[in-house]
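Subject: Structure handover

Hi,

Here is the structure I promised to pass on. Please open it before reading further; my notes follow below.

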Amino acid sequence: MLAALLEAALAGIFLEHGFEAVEVAIVDAFRGQIEYKTELQEELARMRKQVVYTVLETEGPAHERRFTCAATIDGEQRGVGTGSTKKEAEQAAALQALESLGLEGEPIRGDR
C-alpha cells in the first residue's frame, strides 16, 4: 500500500513538474540499487575503453573491514571509493569515475 502511494505521489509530481523535480528524490531513494559499475562499463564500452578496479587499502578487523578501491581507465586513476565490502568500494569508485568523465547526471541513470 505504501509503495503504491509513493509511486502515485512521484508520478503526480513528475506529470505536473517534470523529471527534474523528482530526479534527486528517486535517485537518493534507490542509490543502493544503482549499479554504477555496470553504467561505467557500458559507457566505456561505447568509447572502446575498459576499467580496472584495484584494492588500494583494507583496514579494520575482519568483522568491521573497510575497503578502498580505485577505478583506473587507460592507466589513469579516475575514481576512488570506500565501503564495508569490495563491491561497495568499487561502486563508489565507479561513481566518482563517471563524474570525472562528465557522464554523471544522465537521465534515469543516477545523479545525486
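Start with arginine 66. Leaving out residues up to four places away in sequence, arginine 66 touches Glu57, Thr58, Glu59, Thr82, Gly83, Ser84 and Glu88. Arginine 66 sits in strand β2. Its relative accessible area is 36%, so arginine 66 counts as partly exposed: the value falls between the 20% and 50% cut-offs. One of those contacts deserves a distance. Arginine 66 and glutamate 88 are 22 residues apart in sequence, and their C-alpha atoms are 9.7 Å apart in space. Keep in mind that this is a predicted model.

Now the overall layout. The protein has 4 helices and 3 strands. From the N terminus, the order is α-α-α-β-β-β-α. How does the radius of gyration of the protein compare with the globule rule? It is 17 Å, well over the 13 Å that the rule gives for 112 residues, so the protein is more spread out than a compact globule. The C-alpha trace spans about 45 × 40 × 15 Å along its principal axes.

A few totals for the protein:

- Of its 112 residues, 29% count as buried.
- It exposes about 7400 Å², and carbon and sulfur atoms supply 54% of that area.
- Take the contacts between residues at least 6 apart in sequence: 36% of them join residues at least 24 apart.
- There are 12 positive and 20 negative charges, and their mean positions are 7 Å apart.

Next, the strands. Strand β1 covers residues 51-59 and pairs with β2 in the antiparallel sense, over 8 bridges. Within that pairing, valine 52 has threonine 72 of β2 as its bridge partner. The hairpin of β1 and β2 has 6 residues between the strands. Glycine 60 in this hairpin takes a positive phi near 95°.

Strand β2 (residues 66-73) also pairs with strand β3 (residues 76-83). This pairing is antiparallel too, over 7 bridges. Here alanine 70 has valine 80 of β3 as its bridge partner. The hairpin of β2 and β3 has 2 residues between the strands. Its aspartate 74 takes a positive phi near 50°. When you look at the side chains, remember that in a regular strand they alternate between the two faces of the sheet.

Last, helix α4, residues 86-100, which holds glutamate 90. Is glutamate 90 buried or exposed? It is buried: its relative accessible area is 16%, which is under the 20% cut-off. Setting aside residues up to four places away in sequence, glutamate 90 touches Lys37, Tyr53 and Cys69.

Glutamine 91 lies in helix α4 as well. With a relative accessible area of 11%, glutamine 91 is also under 20% and therefore buried. What is glutamine 91 in contact with, neighbours within four places in sequence aside? The partners are Ile34, Glu35, Tyr36 and Lys37.

Best wishes

How values were computed:
Residues numbered from 1 in each chain as written. Predicted model: local features only at pLDDT ≥ 70, side-chain atom pairs only at ≥ 80, totals over all residues. Heavy atoms only, no water. Rg over C-alpha atoms; globule rule 2.2 N^0.38 Å. Buried < 20%, exposed > 50% of the residue type's maximum accessible area, 1.4 Å probe, protein only. Contact = heavy atoms within 4.5 Å. Areas by Shrake-Rupley, 256 points an atom, 1.4 Å probe, with all protein chains shown as cover. Lys, Arg positive; Asp, Glu negative; His and termini not counted. Charge placed at Lys NZ, Arg CZ, Asp CG, Glu CD. Pairing = 2+ DSSP bridges.
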